[in-house]
Amino acid sequence: MFGLDKRDTTLLLIVAGLTIFAPFILNPFPTDSGLAQFNAGYPDLMQRFVIFGIFAIGFNILFGLTGYLSFGHAAFLGVGSYSAVWMFKLLSMNVLPAIILSVIIAGLFALVIGYVSLRRSGIYFSILTLAFAQMSFSLAYSVLTPITNGETGLQLTLDDPRVLGQTATADGSIPVTNLFGLEMRGTYEMAMGPWAFQFNMGYYLCALVLIAAFYLSIRIFRSPFGMMLRAVKSNQQRMNYTGLNSKPYTLAAFVISGMYAGLAGGLMASMDPLAGAERMQWTASGEVVLMTILGGAGTLIGPVLGAGFIKYFENIFSKINSNVLHSWFSFLPDGLEDFIVFIIYPFIGKGWHLTLGILFMLVVIYLPGGLVEGGQRIGGWFKGRKKSDARQSETNPAE
Amino acid sequence: MGILEVKNVGKRFGGLQALSDVNLSVKENSVHAIIGPNGAGKSTLLNCLVGKLIPDTGSVMFDGQSVLGRAPYEINQMGISRVFQTPEIFGDLTVLENMMIPCLAKRDGAFELNAIASVLSQKDIMDKAEHMLEEMNMADKRHMHAASLSRGDKRRLEIGMCLSQEPRLLLLDEPTAGMARADTNNTIDLLKQISEERNITIAIIEHDMHVVFSLANRITVLAQGTPLVEDDPENIRGNPKVREAYLGETA
Amino acid sequence: MDAFLLQILNGLDKGSAYALIALGLTLIFGTLGVVNFAHGALFMIGAFCAVTLQKIFSLSFETVDPDKTDFLGNPLKVKTPYVESWFGPDLGGAIIDWSVPLAILFAIPIMIAVGFIMERGLIKHFYKRPHADQILVTFGLAIVLQEVIKYFYGANPIPTPAPDALNGVANLGAVIGMDIIYPVWRIVYFCFACLIIGAVFAFLQFTTFGMVVRAGMADRETVGLLGINIDRRFTIMFGIAAAVAGLAGVMYTPINSPNYHMGMDFLVLSFVVVVVGGMGSLPGAVLAGFVLGVLESFASMEWAISLIPGINQIIIYLVAIVILLVRPRGLMGRKGVMED
């Protein structure tokens, strides 16, 4: 279906199903229950899942296929956000032109940075992209204040022209982002018994874009172009001696992944129309690296899993505090309870980054293929057990 | 006039004159061997032919066009394919994919942004790659990762990849180095077959005299960066100068 | 002219920090072939050694001073640091005052130990893995280290002053008849950096150990073939590199109050410094550290900013990008080292 083989179609349908039914899947616990804190079906959180998913899918096209480790991808996300906000300020509050512009601008930006950075490979490439991104961050923070509004970040105001829209609404407030009239913040709440589910317009726009982005990435992975990118990673020497120029291939991958980042940035601004320089900082670039590696670089589903995993646990972990911990372990004797809470406490709440760092190191050391490899290993382990069980049951009667 | 004409080529590395005044003419459809003791400049010469090194002096003409100053991929697109001393293949890709890449390079040139169509839909490429795998007797290994092949199979695959580009000149850099006798003989047979059945010129750098004398119909002996003699195999065998320089006095 | 000299001086202290971190990075890259993203964290840990020692020295007990009362007439509680009660108020006070320089002695064994544990426990397993994996795992380690420090010391910068005697300013220009007012501690820092750099170079130049390491940097395989246990020496080298970064951090605390992310801030710039100097070249790293520090300082001058706004923020990156493209092996890099 859709020009994909059976396995890829299944994968696409799974991702589509997960994103479309996310408001249900992420809210498995009744609103009043104690476990409701593990629910994640809130519009802004779900938007973050899919937006970072798109960002990571794009990053994976570069890193997963070609092996070029960029430490500056957040710059493209930031550029995308700024472009989108400018579109809201100047043109209209319709998100479509804003998103299109952010993809184009991020692509052009990636073309320039990629053209220069890709003249080197290996760690030089990583450091060059890092330098470019930090430079962009510094520029956005200070020099380009007229465009980026510096420290404060770029925001909508009541005297923006918005030539195709309205400067202010009838009641004198800033208009909200919309897609041909459908407001992004519009949310329909559905109560089903003790459960409450939220269906947000903005989330569904992001979800559709994610599905499209995921579909496109499958097509790229399975295309001759994708094969060439894997060849770049595998053996550039052989590639050059096979009459192929690896430069344009890597540059195209860089630009495509930059455009994905721009798309994510544009969507981010469409959900919440502001843009700040901190989105371009190298820690933000590091985050997408973490997502991709954690999920499984070079696999189709890995980056989406990684983005969802990190954003989900970031949200959950930051909610847990020592009171919550105490209530969990209250069944233990007092001394033991305090001890366990004492041990766990540094890893929760504000300690989420510590947990993430440790997790990330463990993945790089023991599970270079990320969550996907972990899943495969567990699957293989089960299969192996079943097989040996089967063999045993076969041999037993013979005895 | 040969298909490959090397004229007065010299190359210097710091204080070492690696090549000086090398002249070489490889006739079309011949199997031309370049032999010489260690450090004679064989590899340097080869690297000058494929664009990895640029000689300080002289000219290298392929089919009437200069190759100097061109990047390796451009020279390859002119019709020169190279087989490396240790097989250079795409280890992370499957054998079939390895074979498809040169076919794509032949069809689409040095770069083509073919990012939407599926690989599987490229029927002509698939057929060609499958066909070449069958010719190389590797069809049963098509879904294996190339890195997991045996040394001999890697060599076959690399030669097959080069052939699927339909090159006019095939350069081989000690293709049997480090191979067991049986693998060596297989490779000799394969190369013989290629030179007989296809319209391909072969230039081969080799250490193993057995390989050289079973394949070559023209031999150039390099010594200390300069050609000592160029002749037919029978005459090389008896040439006292070659014996002295290459085979040593006892031989 | 005064301003000109002052800008050079201003650049030297930051340049010293860059040079020291870059020196350690280069030692590790040159010997072990590892790109260490956690090196900035070592700098930060060094700084927190100084913070810790200062805290230890300031540990106090409370006594009720019968002679003094607060405004309600209650007896006043007075805190007395243990060191003052042990060594007397004069010597004790001096020890607290000089805690930053004293932290050097405290930091050396700690940093060497941290370096050993890092190399034996983690880095060792990554020699044969691709550079990307090394970057990733050390990046993860850097996050972990900085979060641990944040957990124990909080997110706010902790002021760690220099000894009173070195806290003022000096008029350096007096000798040559000019007015160059400059903080004393920054001069101390620069001299200290030069001392460390000199010591590292002397160590590599004049000891057999250093000779083997230099040979190993040039050609690891051959040295390994000679039957010399290069791995153990490299572990020691890692410890030394960690100590250099740590000491740079210790002495930097009075210039900028240490916080948990100072390592990352310096790391990015130090990488740029290493690249500009030439990957694997020790003199290059030092030279580039000072040159970039001074350049940054000049770019912060009024005329430079009025010419190109914000040039001070981006000058280092600009220089690095230009250098990488025009002269990929850096100012003093050897041919062939990571050139592609």
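**Three chains, one predicted model**

Q: Buried, exposed or partly exposed: how does B:Glu112 count?
A: A residue is buried if 20 or more other C-beta atoms, placed from the backbone, lie within 10 Å of its own, exposed if 12 or fewer, and partly exposed in between. B:Glu112 has 16 C-beta neighbours inside 10 Å, so B:Glu112 counts as partly exposed.

Q: What kind of model is this?
A: Residues are numbered from 1 along each chain as its sequence is written, while chains are lettered from A and ligands numbered from 1 in the order in which they are written. Local features need pLDDT of at least 70, side-chain atom pairs count only at pLDDT 80 or more, and totals for chains, interfaces and linings use all residues, for this is a predicted model.

Q: What separates the C-alpha atoms of B:Glu112 and B:Gly91?
A: B:Glu112 sits in the loop between α3 (95-108) and α4 (123-135) of chain B. Helices (H or I, at least four residues) and strands (E, at least two) are DSSP runs, numbered from the N terminus. B:Gly91 is 21 residues away along the chain, and the separation is 22 Å.

Q: Which are the edge strands of the six-strand sheet in chain B?
A: Strands pair if DSSP finds at least two bridges between them. The open sheet runs β6-β7-β8-β3-β9-β10, with mixed pairing. Two strands pair on one side only: β6 (80-83) and β10 (226-231) of chain B.

Q: In which sense do β7(B) and β8(B) pair?
A: On one side of β8(B), residues 201-205, lies β3(B), residues 31-35, joined by four bridges and running parallel. There, B:Val31 stands opposite B:Ile202, and B:Ile34 has B:Ile205 as its bridge partner. B:Asp173 also stands opposite B:Ile205. Five bridges join β7(B) and β8(B), and the sense is parallel.

Q: Which residues of β8(B) point the other way from B:Thr201, B:Ala203 and B:Ile205?
A: In a regular strand the side chains alternate between the two faces of the sheet. β8(B) is mostly covered, with five of its five residues buried. Opposite in direction to B:Thr201, B:Ala203 and B:Ile205 are B:Ile202 and B:Ile204.

Q: How many residues of α4(A) are buried?
A: Helix α4 of chain A covers residues 74-90 and reaches 24 Å from its first C-alpha to its last. That is close to the expected 24 Å, which is 1.5 Å times one less than the number of residues. The helix is largely enclosed by the rest of the structure, because the buried residues number 16 of the 17.

Q: How many residues has the largest nonpolar core?
A: Such a core is a set of buried Ala, Val, Leu, Ile, Met, Phe, Trp, Tyr and Cys residues joined through C-beta atoms within 7 Å. Among those with the most contacts inside the largest one are A:Phe55, A:Tyr260 and C:Leu23. Beyond four places in sequence, A:Phe55 is in contact (C-beta atoms, placed from the backbone, within 7 Å) with A:Leu77, A:Tyr260, A:Ala261, A:Ala264 and A:Val288. The residue count of this core is 292.

Q: Which element gives the most to the side of chain A that touches chain C?
A: 34 residues of chain A are in contact with 31 residues of chain C. Elements giving two or more residues to this side of chain A are α6 (122-143), α12 (282-295) and α16 (352-366). With 14 residues, the one that gives the most is α6(A).

Q: Which element gives the most to the side of chain A that touches chain B?
A: Here 24 residues of chain A are in contact with 30 residues of chain B. The greatest share, seven residues, comes from α9(A).

Technical notes. Contact = placed C-beta atoms within 7 Å.
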